[in-house]
Amino acid sequence: MIIAVFLITLLGAIVAGVPIAFSLLLCGLAMMIYLDEFSVQIIAESIVGGADSFSLMAIPFFILAGEIMNAGGLSRRIIELPMKLVGHKRGGLGYVAIMAAMIMASLSGSAVADTAAVAAMLIPMMKAAGYPENRSAGLIGAAGIIAPIIPPSIPFIIFGVTSGVSITKLFMAGIFPGILMGCALALMWYFQARHMQLDVREKASWVEVRQALKKGFWALLLPVIIIGGFRMKIFTPTEAGAVAAAYALFVAMLIYGELKMRDLYGVFLASAKTTAVVMFLVAAASVPSWFITIAELPQMLAELLEPMLDSPTLLLAMIMVFVFVIGMVMDLTPTVLILTPVLMPLVKEAGIDPVYFGVLFILNTSIGLITPPVGNVLNVITGVTKMPFDKAAKGMLPYVALLIGLLILFIIFPQLIIAPYKFFSG
């Protein structure tokens with residue numbers, strides 16, 4: 001019965017249009033009343049405790065770094081280099097979008113922010129060059145969800161804090177799957193571009209490539225610093241966020257000179273608003289999470305799926321189907337916050353590597369960002385392109401199918417994630 005109270009309250013509030021954070025609080029309140037444990041003190045302590053984590057400090061730093069990069073010209077210079085390298089090939093702007101998304105992913109860790117930046121710069125150019133608008137939008141949206149996989153990933157930070165799994169290990173485990181996502185998208189785009197009648201840009205000279213590399217050098221150095229710092233165990237994820245924000249500010253103001261003192265207020269305000277939304281979600285989710293533990297929902301789920309515990313691959317496949325369905329109707333962050341405390345005990349009991357599961361879980365929920373009816377990244381694409389929602393969703397479908405296929409491949413062959421993760425972790 002407690003499961004019914006949990007689901008009916010949460011889904012009912014979301015359907016009624018209640019914001020996700022308040023839906024989570026209502027859900028926790030309903031469970032509290034049902035369990036006859038009503039206490040304002042429990043609610044207050046859960047909310048404060050949910051946001052009281054040193055690791056969560058990485059989130060505002062990386063969000064601030066992303067805002068600074070967009071305002072300070074770093075994002076534009078990052079896109080300029082792949083434009084010179086592959087912009088002349090048939091469908092070259094598609095490859096530029098993928099490369100730019102991967103580089104941006106290694107800087108900010110936010111799918112929505114990266115997609116908005118890449119789409120705003122490349123969609124008008126692709127439209128002018130005769131690219132099919134729905135396919136262009138689909139490709140950029142699919143490339144945008146590489147951001148939650150390649151470090152530094154904000155969803156990995158949230159998952160790590162919620163599950164107790166090492167965030168650094170999650171970061172290292174996400175490198176190869178993120179690269180593989182980019183390669184898979186590039187391969188699909190190659191076959192699509194062969195059948196398009198597209199204008200081909202003039203090939204850039206080596207002088208122009210060198211100039212683009214020189215202009216973007218300081219921006220491109222940031223992912224090297226962050227990933228190198230993790231690999232050499234120089235700093236923690238939270239310290240990496242502070243380094244990223246400070247470095248981006250230094251480059252934007254003193255080297256590129258595009259970010260002025262008068263712009264700082266707007267940048268800090270925008271990052272503070274985004275941080276407030278994420279942190280309030282994290283804090284609100286701690287209330288139902290506390291009662292999920294008290295009501296022993298993980299144990300109930302374990303008993304329900306007990307016949308599958310001896311077959312981890314089958315169990316993992318069932319969990320991924322369940323997560324995918326939830327991810328279609330709920331945003332990534334609340335999905336992670338709600339399902340992680342329910343699923344992790346089951347995952348550990350089945351002997352599944354928690355780091356490996358974390359990568360699959362975040363990849364799965366990221367796909368939900370580009371699927372209707374919610375799809376935050378899909379909404380960003382429609383907002384930038386002014387394209388009808390159904391047309392953008394149709395253009396996204398081939399890439400959704402490709403990424404689902406990649407997810408299945410990771411389930412069947414876990415070493416595709418585990419082996420590179422061990423290599424990168426040293």
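**View 1. Glu80 is partly exposed in this predicted model, with a relative accessible area of 24%.** The side chain of Glu80 meets that of Lys215 in a salt bridge, with N and O 3.8 Å apart. The pair links distant parts of the chain, 135 residues apart: Glu80 belongs to helix H5 and Lys215 to helix H11 (residues 206–231). Lys215 is partly exposed too, its relative accessible area being 44%. The model is a predicted one.

**View 2. A salt bridge joins Glu258 and Arg77.** Their closest N and O atoms are 2.8 Å apart. Glu258 sits in the loop between helix H12 (237–255) and helix H13 (261–294), while Arg77 is in helix H5 (residues 74–86), 181 residues away in the chain. Arg77 counts as buried because its relative accessibility is 13%, under the limit of 20%. Glu258, at 27%, is partly exposed.

**View 3. Lys391 and Glu133 form a salt bridge through their side chains.** The N to O distance is 3.9 Å. Lys391 is partly exposed at 36% relative accessibility. The structure holds 3 salt bridges.

**View 4. Thr115 is a buried residue of helix H7 (residues 111–128).** Its relative accessibility is 1%. A polar atom of the Thr115 side chain lies 2.7 Å from the backbone oxygen of Ala111.

**View 5. Glu303, Glu306, Asp310 and Glu349 form a negative surface patch.** Asp310 is located in the loop between helix H14 (297–304) and helix H15 (312–329). Asp310 is exposed, with 76% relative accessible area.

Key:
Residues numbered from 1 in each chain as written. Predicted model: local features only at pLDDT ≥ 70, side-chain atom pairs only at ≥ 80, totals over all residues. Heavy atoms only, no water. Patch = residues over 30% accessible without salt bridge, like charges linked within 9 Å, V, L, I, M, F, W, Y side chains within 5 Å. Areas by Shrake-Rupley, 256 points an atom, 1.4 Å probe, with all protein chains shown as cover. Salt bridge = Lys/Arg side-chain N within 4 Å of Asp/Glu carboxyl O. Lys, Arg positive; Asp, Glu negative; His and termini not counted. Charge placed at Lys NZ, Arg CZ, Asp CG, Glu CD. Helix = DSSP H or I, 4+ residues; strand = E, 2+ residues; numbered from the N terminus. Buried < 20%, exposed > 50% of the residue type's maximum accessible area, 1.4 Å probe, protein only. Polar contact = N/O pair within 3.5 Å; in protein donor to acceptor, adjacent residues only side chain to side chain.
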